[in-house]
Amino acid sequence: MTLDAALLSRVRERLACDGGPPTPGRVAAALRDEGGGLRGDVEVLAVLRALQSEIVGSGPLEPLLADPAVTDVLVNGPEEVWVDRGSGLERTAVRFTDETAVRRLAVRLAAPTGRRLDDAQPWVDARLPGGVRLHAVLPPVSPRGTCLSLRVPRRRAFELAELVSAGTVPHDGAELLGQLVRARVAFLVTGGTGTGKTTLLSALLSLVDPGDRVLLVEDAGELAPSHPHVVRLEARPPNVEGAGGVSLRDLVRQALRMRPDRLVIGEVRGAEVVDLLAALNTGHEGGCGTLHANSAGDVPARLEALAAVAGLARHALHSQLASGLRVVVHLGRAPGGGVRRVGEVCLLRRGSDGLVGTERAWSWDGAGPSGVGGAAAKGLAGLLS
């Protein structure tokens, strides 16, 4: 049934003044005090569910977050709720009663994380207790209303065979990526937002030798490899006083003292790239991670920009890169924002000018046969042999 927003607001205010949880008896009493004649059980239950959803769970978003196919839930104000089920964004029929309801949900979701979300701090980026990644922005920073972005973690790691069935990886591509992991080649999985970098990396880490100790360093725990020996370290933002923060760079340094067989950075996004490259150049083979990049060819420039934050000179970065990282596995989406898929595998090679560039060794357009051939392909085969 459709609830009267004004009635719901008045009942909410009555219950807030009285204190205590919205039990069926208290909701019925508040409805009776509002007048309008007798209220049926259906109306009482509808108001009860609406109020309880504001106190526990994710309110109107709960059914979307419970859908195993949903990877992202995006709220652009009270009238627009979108989801991604792996085939691009689609608008849903979910609506909030008003802007106040969206803001109230955002503030309540942020509260358990210890992060502040109010007019003085109008945005928050945090991981919820259940593993969902939350980002919220309040007006007037978002003029059209409160915006919520919820990234849903996978309930389990996909196997590489499942990604082949889904059209993300072709058969020969799966064989190639499996060889990459088994040969302990250092690599990065790259792509834009929502292209499936974390999903693919989790599947590849599941192929790591069960005898290896895998150290995961992440800003928020998203990787979920099916592997018997995984140790996870997670960064922590500073508290409201600005103290107590733990950066990815701090964690990379700690991970190197924990006898890792495979060092993995969930997302390379800052100065930690320097420590990762240093590790890959001091005997830590098979390290990997993800990186946001528009194309495989943009990866060296992206790493340059990140290393510059740490004060590493350009030529020093390229020297470390040339001997540390070997391969880039780049993902994209099919035209029109459709299926996520591996587009190309590239070698990182140092040129005569001392700078590292990418050379495509394998590619796939999602339709015709995959593969490239040539010198780069032979170089890749040499790494995997």
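1. Start with helix 10 and helix 12 (residues 314-324): their axes come within 9 Å and cross at roughly 45 degrees. Axes here are lines fitted to C-alpha atoms, for helices over the stretch in contact, with angles from 0 to 180 degrees between N-to-C directions. So helix 10 is oblique to helix 12 (under 35 degrees is roughly parallel, over 145 roughly antiparallel, 65 to 115 roughly perpendicular, the rest oblique).

2. Leu277, Ala278 and Leu280 of helix 10 meet Leu317, Gln320, Leu321 and Gly324 of helix 12, contact being heavy atoms within 4.5 Å. By class, that contact has 5 nonpolar, 2 polar and no charged residues (Ala, Val, Leu, Ile, Met, Phe, Trp, Tyr, Cys and Pro are nonpolar, Asp, Glu, Lys and Arg charged, the others, Gly among them, polar).

3. This is a predicted model, with pLDDT of at least 70 needed for local features and 80 or more for side-chain atom pairs, while totals for chains, interfaces and linings use all residues. Numbering runs from 1 along each chain as its sequence is written, and side-chain values use heavy atoms, leaving out hydrogens and water.

4. On to helix 9 (residues 248-255) and helix 10 (residues 272-280): the axes come within 8 Å and cross at roughly 20 degrees. That makes helix 9 roughly parallel to helix 10. Leu248, Arg249, Val252 and Arg253 in helix 9 meet Glu272, Val274, Asp275 and Leu276 in helix 10; the tally for this contact is 4 nonpolar, no polar and 4 charged residues.

5. On confidence, the chain averages a pLDDT (the predictor's confidence in each residue, from 0 to 100) of 85, and 84% of the residues score at least 70.

Methods:
Helices (H or I, at least four residues) and strands (E, at least two) are DSSP runs, numbered from the N terminus.
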